[in-house]
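Colleague: I'm new to this one and would like a guided tour. Could you show it to me, and then let me ask about a few parts?

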Amino acid sequence: MGRYRIRVATGAAFFAGSHDRVQLWLVGARGETDLELQLLPARGQEKEFEHDIPEDLGPLQFVKLRKHHSLVDNAWFCDHITVQGPVAFQEATFPCYRWVQADSVLCLPEGTARLAGNNALDVFQKHREKELKERRQIYCWATWKEGLPLTIAAGCEDDLPANMRFHEEKRLDFEGTLKAGALEMVLKHVYTLLSSWNCFEDFDHIFWGQKNTLAEKVRQRWQDDELFGYQFLNGTNPMLLRRCTSLPSRLVLPSGMEELRTQLEKELQNSSLFEADFILLDGIPANVIRGEKQYLAAPLVMLKMDTSGKLLPMVIQIQPPSPSSPTPPLFLPSDPPLAWLLAKSWVRNSDFQLHQLQYHLLNTHLLAEVIAVATMRCLPGLHPVFKLLIPHIRYTMEINTRARTQLLPDGGIFDKAVSTGGGGHVHLLRRALAQLTYCSLCPPNNLADRGLLGTPGALYACDALRLWEITARYVEGIIHLFYRGDDVVRGDPELQAWCREITEVGLCQAQNRGFPISFQSQNQLCHFLTMCVFTCTAQHGAINQGQLDWYAWVPNAPCTMRMPPPTTKEDVTVATVMGSLPDVRQACLQMVVTWHLGRRQPDMVPLGHHKEKYFSDPKAKSVLNQFQTDLENLEREITARNEQLDLPYEYLKPSLIENSITI
């Protein structure tokens, strides 16, 4: 005979409660009992019951629950269930954090993380095998575009598994802001109908609504060389710049530019010469928007870092040399101001394309989706790696599905406003995937390869390295609790299947680009998991958050170019530059989408501060607490540093990094 105290917690999201009756059973090592409760779960509440059970159940293993329904299924979002047994037993926690639907029986195991065992009669082993079999039927792979990473099989968000969907608050906010943005775009377009569109100041006609302090500074200083160079280090795309070890072969210096060669070689000898090469764009077909051809280029920018730490452009080559064309002109800061400005605008347009498609969509969104689908297919809820990763894949499948159906489909936003739309974006993504290496996703390797370690003023590099170190300590702390040696890593069949699913299936045979197909040691596993968590959190924060700052003033990052690149310098006029930059319709659309995707999300969960308690082990909870402490310390360091800066770098402040890719 024993008295059990049961607490059932319901989620706080809209419609998380249910009017349906819920039935519960307790399952222990020595018996099972029906609690015969008439539970009606209410949103955001925890209901507590006490129940006397005549038989000895032994250590609790599972809670089984069943939600009955009559005519209409009223789903219930169960957070967790805790059970306090007789004095001899500790409190047991049964994490759920999912929707309970229909009237099938859901079996929740006790929350202690466990690796797979070899005993086929073990109840937990049977449970995890059954769970994975069911999940593989629910979470299926699909090919979005040939030659790109696989995605979740869902034609639209309604096809997604219920537990991958936005909660109602998120859905209402997302769809509401889309409608508000569409209205703002109409108002701006109407406002400009009777206005001119032939000088830079005319962009002020649409520069109202959602903007911030940094966006205003960009509007004021977008023509400055210093701000142009700064963006390669700390803008919304800090991933392309690299330190030169030799002059690029594509940089053909014609006669009469001996002084420029001398300057470049001097900077090269001083290790202060940098380059940003957009060659990936060479040959990508450009879009046609409303019957008008758009244009793309593949620029090369050479920059120097002066003694004060400013990164300044020295020369721009808008197009690479071609045997069938004359030697492309080189644009210099000493050229006529409008010619130099137009050359920089071509660079900023090219950076927009690579940022959005290569570094944002592919290297964070699509990679995170591969990690998410593989996790759901290969790792049961009891697995410690599942418990580690599941908070970092929240909403990712839905935001990516919406991107494929709203942003990137035929006739979508990319086709309406972006120069790589109309199919060029798919060609570019395929090229980018061919260059995507495992090392490029890990800041210590990536920054070392690009020669940026210790570079003055490289705030992204500094903060990314610190966050990588903090994340690595967190991952190592969790993994070492469950994998006591390399042999345990090698002998985990679920973990090894997960690794192969990511590399061979989701990433389409990426082992030739350094991605592992097995884990042979604790260190190798920890490094890979650190990459996964970092990609889904900090890296996406660095790439996504700056859009509102740097893209709101459209001339600073034009989404398309409407005239071909200049071949001469003397005849560039204001009309030439304005005729090249986006028209009012394209500019309005860029501003609206920038605001929608770059704004802080109202239900944002900061890095490491998820409320779900998947681990019940006190040691694992202690590791998470230390992770949170380390993040808070870094937050204070970044805040103190930013107070001394004219342009604070905040994209990697832990409190501003979302815990998963949700936008």
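Predicted model: local features only at pLDDT ≥ 70, side-chain atom pairs only at ≥ 80, totals over all residues.

Colleague: Okay, strand β2 then. How many of its 7 residues are buried?

Modeller: Buried means under 20% relative accessible area, exposed means over 50%, and partly exposed is in between (1.4 Å probe, protein chains only). Strands are DSSP runs of E with at least two residues, and helices are runs of H or I with at least four, numbered from the N terminus. In a regular strand the side chains alternate between the two faces of the sheet. Here Val22, Leu24, Leu26 and Gly28 point one way from β2, Gln23, Trp25 and Val27 point the other way, and all are buried, so the strand is largely enclosed by the rest of the structure and the count is 7 of the 7.

Colleague: Which residue in β5 is the bridge partner of leucine 24?

Modeller: Two strands pair if DSSP finds at least two bridges between them. β2 and β5 (residues 60–67) do that in the antiparallel sense, over 7 bridges. In β5, leucine 24 has as its partner leucine 65.

Colleague: And on β3, what stands opposite glycine 28?

Modeller: β3 covers residues 31–34, runs antiparallel to β2 and is joined to it by 4 bridges. The two strands form a hairpin with 2 residues between them. Opposite glycine 28 you'll find glycine 31.

Colleague: Let's step back to threonine 10. Which side chain does its own side chain make a polar contact with?

Modeller: Threonine 10 sits in strand β1 and is buried, at 5% relative accessible area. Leaving aside neighbours within four places in sequence, its contacts (heavy atoms within 4.5 Å) include Pro41, Arg43, Trp76 and Asp79. A polar contact is a pair of N or O atoms within 3.5 Å; within protein, one must be able to donate a hydrogen and the other to accept it, and residues adjacent in sequence count only if both atoms are side-chain atoms. At 2.9 Å, the partner side chain is that of tryptophan 76.

Colleague: Now the sheet with β15 in it. Which strands stand at the edges?

Modeller: The sheet is open, with 5 antiparallel strands in the order β11-β12-β15-β16-β17. Each edge strand has a single partner, so one side of each is left without a neighbour in the sheet; these are β11 (242–243) and β17 (330–331).

Colleague: Within that sheet, what is the bridge partner of aspartate 277 in β15?

Modeller: β15 (residues 300–305) is largely enclosed, because 5 of its 6 residues are buried. It is joined to β12 (residues 273–277) by 5 bridges, and the two run antiparallel. Aspartate 277 has as its partner leucine 300.

Colleague: Which glycine takes a positive phi in the hairpin of β15 and β16?

Modeller: These strands pair antiparallel over 6 bridges, with lysine 304 opposite leucine 312. The hairpin has 5 residues between the strands, and the one with a phi near 90° is glycine 309.

Colleague: Tyrosine 395 has a positive phi too. Is it buried or exposed?

Modeller: Its phi is about 70°, although it is not a glycine. Tyrosine 395 lies in the loop between α7 (384–389) and α8 (396–407). Its relative accessibility is 6%, so it counts as buried.

Colleague: How about serine 271, what does it count as?

Modeller: Serine 271 is another residue other than glycine with a positive phi, near 60°. Its place is the loop between α5 (258–269) and β12. With 40% relative accessibility, serine 271 counts as partly exposed.

Colleague: Last one: which residue caps the N-terminal end of helix α3?

Modeller: The buried residues of α3 (residues 213–221) are Leu214, Ala215, Glu216 and Val218, and they pack against α4 (225–234) and α16 (547–550). At the N-terminal end, a side-chain oxygen lies 3.3 Å from the backbone nitrogen of leucine 214, and the capping residue is asparagine 212.

Note on methods
Residues numbered from 1 in each chain as written. Heavy atoms only, no water.
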